[in-house]
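Here are my comments on the structure you sent. Please read them with the sequence and the coordinates open.

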Amino acid sequence: MIKRESAIKYEQQGAQGDVYFRKVGEIPEGFAVVKGKEHVLAHSETGHNHVVDASGVIYYEGRDPLRAYLQLQDVDSCDVHHQKQQDFHHSVSLGGGPGAIWEVRRQREYDPAGERRAAD
Amino acid sequence: MIESLTGKQIGAFPKYVREWTAIGLCTDSADRPRAERAVRKMYRCAGIKAPTRIVWCGSPLALVRRQPEYPCDPVDTLVSLVGMKIADRPVAKVWDCCFGQHDAGWLAYYAFMRTELGLKKQTDSLAGLTALAKCAGWALPYENTCYVSERHNVLHRDNQGRLHALDSAAVQYPDGWGVYAVRGTRVPKEWVMNRATLDPRIALTESNMDLRSAAALLIGWEKVLAQLSPKVIDSEMGMATSHGYCQGELLDIDLPGEPHQRFLRVLWGREQQAVLRVPPNMTKAREANAWTLGFEGDSLKEFKPEGRT
């Protein structure tokens, strides 16, 4: 069982490990709703995913694997957790009230042969 | 039909977790007489004539390297008896095995159902596999011969239960075969056994991030960077709060055939370090950090992190 500490609240922008959150005004075209009980905002090859509970949150994905969006539906905020038992990233709280939109950016790395996503 | 479990039944979960975890992780030598009885029981449970020969092997690798005969596959029969689908089972020989102690993960459920829910008849067919799990490693059953492996005799894990050893195999069998792993990531044997001479560039250039992280742990970040003589271009390591945003250090490193490559040393999580490669035209740690998150050009001014956890 992972013991959760209280989440760190971001007002506008902040990171959890290799995932970055930024409050924005709208969701660009080309992003569609993804359904599920829980959304994995960033997968890790080691299973240490960054996840958000889907209740009260609408999750959008598009063709860009480095971007996604979260929209608060009927909640004031949502918490993002890191599924790792030790050396984990503190949970973060994304607020703004119903309707608020948070952009999710996944960290990338330069590769002379083409960029690739970095993952912890 | 059982619709729900009682409090007493739920309360028995930890006992099964403890017992079957211990079975799966056991490093004792196989109890060969018991195991051979278990093998015969396994065949009987599947309605198949017991094998005339039981051959012991020093590891699962030795077992799957044995000459094939006609498989009678009691596992398939047993699995179908308990109603599980196996249609997608690979043909590979390793999947013709039953995994002895390593079947503990699923046999535990049936042991619970048998004992705590009284489902005796429904689980009778697993008696052989259950008995084998408690006294030996893998088994490869054929019509007349069953090959059985010893249990692993070495098992190292980290404090999260992941396979982990920096100076030896994380799992090893009596015949010497083993698996090398760092924090749950399987690594080449040479990385561990030749750790002192492992090329530090692996920790910066290996394409798989888990392997890169494992290499860094084996070598040590300080050694990785020291051996490559990085030049610090820009440093912004300070944090205003415990959850402040550390921009990190921008490093200039000469790789073979690639002079003046730029890397960003960042702090991820609680003192967890990582080094990410960034474009060679980066001049500031903040700029490099922003680039890794897609902020570049005009959008760079929008990069205003409040913190990083």
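The numbered points below take up chain A, the aromatic pairs, and then some places in chain B.

1. The model is predicted.

2. Chain A has 13 strands and zero helices.

3. How much of chain A is buried? Of the 120 residues in chain A, 50% are buried. The accessible surface of chain A is about 5,700 Å², and carbon and sulfur atoms hold 45% of that surface. Among the contacts in chain A with a separation of 6 or more, 65% are between residues 24 or more positions apart.

4. A pair of aromatic rings is described by the distance of the centres and the angle of the planes. Over all chains, the count is eleven aromatic pairs. One of them joins A:F31 and A:Y69, whose ring centres are 4.9 Å apart with the planes at 85 degrees, so the pair is edge-to-face. A:F31 sits in the loop between β3 (19-24) and β4 (32-34) of chain A, while A:Y69 belongs to strand β8 (residues 67-72) of chain A, so the pair ties together parts that are 38 residues apart in sequence. A:F31 and A:Y69 are both buried.

5. B:F99 and B:W138 also form an edge-to-face pair, with 4.6 Å from centre to centre and 70 degrees between the planes. Which parts of chain B does this pair tie together? B:F99 is in the loop between α5 (74-81) and α6 (104-116) of chain B, and B:W138 is in the loop between α8 (127-133) and β2 (139-141) of chain B, so the pair links parts that are 39 residues apart in sequence. B:F99 counts as buried because its relative accessibility is 15%, against a cut-off of under 20%. B:W138 is buried as well, with a relative accessible area of 15%.

6. One aromatic cluster takes in residues of both chains: A:Y20, B:F295 and B:F303.

7. Is B:Q261 buried or exposed? B:Q261 counts as buried because its relative accessibility is 10%. B:Q261 lies in strand β11 (residues 258-268) of chain B. The side chain of B:Q261 makes a polar contact with the side chain of B:R277, at 2.9 Å. Leaving aside neighbours within four places in sequence, B:Q261 is in contact with A:Y110 of chain A and, in chain B, with B:L251, B:D252, B:I253, B:L255 and B:R277.

8. Helix α13 (residues 285-292) of chain B is mostly covered, with six of its eight residues buried. The buried residues of α13(B) are B:A285, B:A288, B:N289, B:A290, B:W291 and B:T292. Just after α13(B), B:G294 has a positive phi of about 85 degrees.

9. Which residues form the nonpolar patch on the surface of chain B? B:I2, B:L5, B:I10 and B:F13 form this patch, and together they have about 320 Å² of accessible area. B:I2 is in the segment before α1 (7-11) of chain B. At 47% relative accessibility, B:I2 counts as partly exposed.

Note on methods
Residues numbered from 1 in each chain as written. Chains lettered and ligands numbered in written order. Predicted model: local features only at pLDDT ≥ 70, side-chain atom pairs only at ≥ 80, totals over all residues. Heavy atoms only, no water. Helix = DSSP H or I, 4+ residues; strand = E, 2+ residues; numbered from the N terminus. Buried < 20%, exposed > 50% of the residue type's maximum accessible area, 1.4 Å probe, protein only. Polar contact = N/O pair within 3.5 Å; in protein donor to acceptor, adjacent residues only side chain to side chain. Contact = heavy atoms within 4.5 Å. Patch = residues over 30% accessible without salt bridge, like charges linked within 9 Å, V, L, I, M, F, W, Y side chains within 5 Å. Areas by Shrake-Rupley, 256 points an atom, 1.4 Å probe, with all protein chains shown as cover. Salt bridge = Lys/Arg side-chain N within 4 Å of Asp/Glu carboxyl O. Phe/Tyr/Trp six-rings, centres within 6.5 Å; stacked < 30°, edge-to-face > 60°.
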